[in-house]
Amino acid sequence: MKYDYIIVGSGVSGLTFAHLASNSGYKCLVIEKLHHLGGMLYSEKQHNIDVHMYGPHIFHTSKKYIWNFVNSISTFIPFINSPLAVAEDGNIYNLPFNMNTFTKLWADIKTPHDAKERISMHVEAYKKSTNINEARNLEEQACMLVGRELYEKFIKSFTEKQWGRSCEQMPPGIITRIPIRYSYNNNYYTDIYQGIPLYGWTDFIDKLITGVDVLYGTDFLSNMSHWQSLGKKIIYTGCIDAYFNYMYGHLPYRSAKWEHVCFDDYNHQGNPVINYISKEIPYTRTIEHKLFNPNDEELYLQSKTIVSYEYPTSWEPGQLPLYPIHTQDSVITHQKYNKLALKEKNTIFLGRMGRYKYIDIDTAIHEAFTLFNQLHVPNEKF
């Protein structure tokens with residue numbers, strides 16, 4: 001056989017595995033259906049601005065070895081994500097919920113104790129009025145966590161716009177917790193290490209894949225037996241249902257599209273990420289990419305900026321699958337596919353689509369490390 005590993009799909013899961021294997025002396029081939037590498041991490045330079053073509057990707061992790069690993073590939077600059085939200089009333093609030101949010105929303109709130117009491121009062125009032133002890137859907141779950149006022153002002157419309165269905169129709173597990181901070185801390189993430197690759201995500205991807213053979217614009221599934229004959233093992237990161245030719249039907253996803261607009265402006269919206277709650281506004285958020293690198297004075301002062309508008313969309317076969325939709329039916333269907341996957345002798349399923357679960361970048365990298373270490377002598381920890 002020509003290759004030790006054939007990696008199907010070039011998202012961060014597959015490319016990390018390919019990098020580890022190649023650096024350990026294994027011959028690898030990456031097969032990518034699209035005409036670019038990186039999956040959703042793909043970025044393009046426009047007016048010297050690194051534009052995240054599939055939405056903002058801000059790296060964050062609490063695992064030091066992963067932070068050291070990504071920085072061994074490309075330099076990451078510190079970046080703290082502090083998104084804003086435009087509410088139904090047009091006012092702008094800080095997210096996640098924190099004292100900046102509460103003091104603007106409720107004029108009589110002065111201390112963390114005041115905010116805790118207010119939210120607790122709202123939660124208890126909801127439970128008493130509904131007599132609900134266990135949430136049956138997302139709406140009930142959210143109201144039992146923060147009360148009806150915060151739910152209706154910040155969660156309901158945005159969530160329904162994002163997922164394309166009412167909160168009463170969605171399972172409670174989608175929103176098991178709602179971040180609440182009783183401090184003036186606007187940091188969206190709680191991870192120790194947070195940043196953006198200095199030279200862009202595509203530069204990071206190109207360096208990650210150095211030394212690995214790559215085929216672009218190639219559909220592995222259309223000639224599966226041929227590719228299987230060329231590799232000892234297949235690392236498959238595509239949709240698991242597609243691999244089995246939709247034997248049990250299609251697994252459901254949510255998709256999105258992006259509109260990238262150039263403005264003759266130094267600074268168009270004042271913040272890298274702004275969410276839009278109202279369903280009357282068709283996009284869920286806007287992203288101003290040059291603001292991810294505020295220390296680049298030359299870039300910041302140029303009178304061009306790129307803003308991306310993110311529109312959630314329904315998903316149909318052939319479209320971009322982004323977010324797995326976990327319902328009672330889809331969980332059962334995935335379990336059937338997973339049983340088939342476990343019977344595959346030379347194919348291992350990896351990544352968001354291969355395992356049908358939403359994962360962040362650091363988790364994707366961690367799972368690639370874990371898989372490689374299971375198959376080989378543990379790789380040196382960075």
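Which residue in β9 stands opposite Ile-77? I looked it up: Ile-77 faces Ile-196 of β9.

Ground rules. I am working with a predicted model, where local features need pLDDT of at least 70, side-chain atom pairs count only at pLDDT 80 or more, and totals for chains, interfaces and linings use all residues. Numbering starts from 1 along each chain as its sequence is written, and side-chain values use heavy atoms, with hydrogens and water left out.

Entry: I checked the elements as DSSP runs, numbered from the N terminus: helices are H or I of at least four residues, strands are E of at least two. Two strands pair if DSSP finds at least two bridges between them. β6 and β9 (residues 193–197) are joined by three bridges and run antiparallel. The open sheet has three strands in the order β5-β9-β6, with antiparallel pairing. β5 (59–61) and β6 (76–78) are the edges; each has a single partner strand, so one side of each lacks a neighbour in the sheet. Neighbouring strands are turned by 40° against each other on average, direction ignored. For angles, axes are lines fitted to C-alpha atoms (for helices, over the stretch in contact), and values run from 0 to 180 degrees between N-to-C directions. I then found helix α2 (residues 64–73) lying across β5, β6 and β9, at about 150° to β5. Contact here means heavy atoms within 4.5 Å.

Entry: five-stranded sheet. I read the strand order as β10-β2-β1-β11-β17, an open sheet with parallel pairing. At the edges are β10 (213–215) and β17 (347–349), each pairing on one side only. Neighbouring strands here are turned by 20° on average, direction ignored. I looked inside the sheet too: four bridges join β1 (residues 3–8) to β2 (residues 28–31), and the two run parallel. Ile-6 stands opposite Leu-29 in β2.

Entry: helix α1. Does the span of residues 12–23 agree or disagree with 1.5 Å a residue? I compared: the twelve residues should span 16 Å, and the end C-alpha atoms are 16 Å apart, which agrees. The expected span is 1.5 Å times one less than the number of residues. Eleven of the twelve residues are buried. Buried means under 20% relative accessible area, exposed over 50%, partly exposed in between (1.4 Å probe, protein chains only). Among the buried residues are Leu-15, Phe-17 and Leu-20. Gly-25 follows α1 with a positive phi, near 95°.

Entry: α4 against α5. I found the axes of α4 (residues 112–130) and α5 (residues 138–146) within 6 Å, crossing at roughly 135°. That makes α4 oblique to α5. Under 35 degrees counts as roughly parallel, over 145 as roughly antiparallel, 65 to 115 as roughly perpendicular, and the rest as oblique. The contact includes Ile-119 and Tyr-126 of α4 and Cys-143 and Met-144 of α5.

Entry: Most residues other than glycine have a negative phi, and most peptide bonds are trans. I noted a cis bond from Leu-95 to Pro-96, omega near -5°. Pro-96 sits in the loop between β8 (92–94) and α3 (99–105). His-47 has a positive phi near 55°, in the loop between β3 (43–46) and β4 (49–52). Its relative accessible area is 42%, so His-47 is partly exposed. Tyr-356 has a positive phi near 50°, and lies in the loop between α12 (351–354) and α13 (361–375). Tyr-356 is buried, at 2%.
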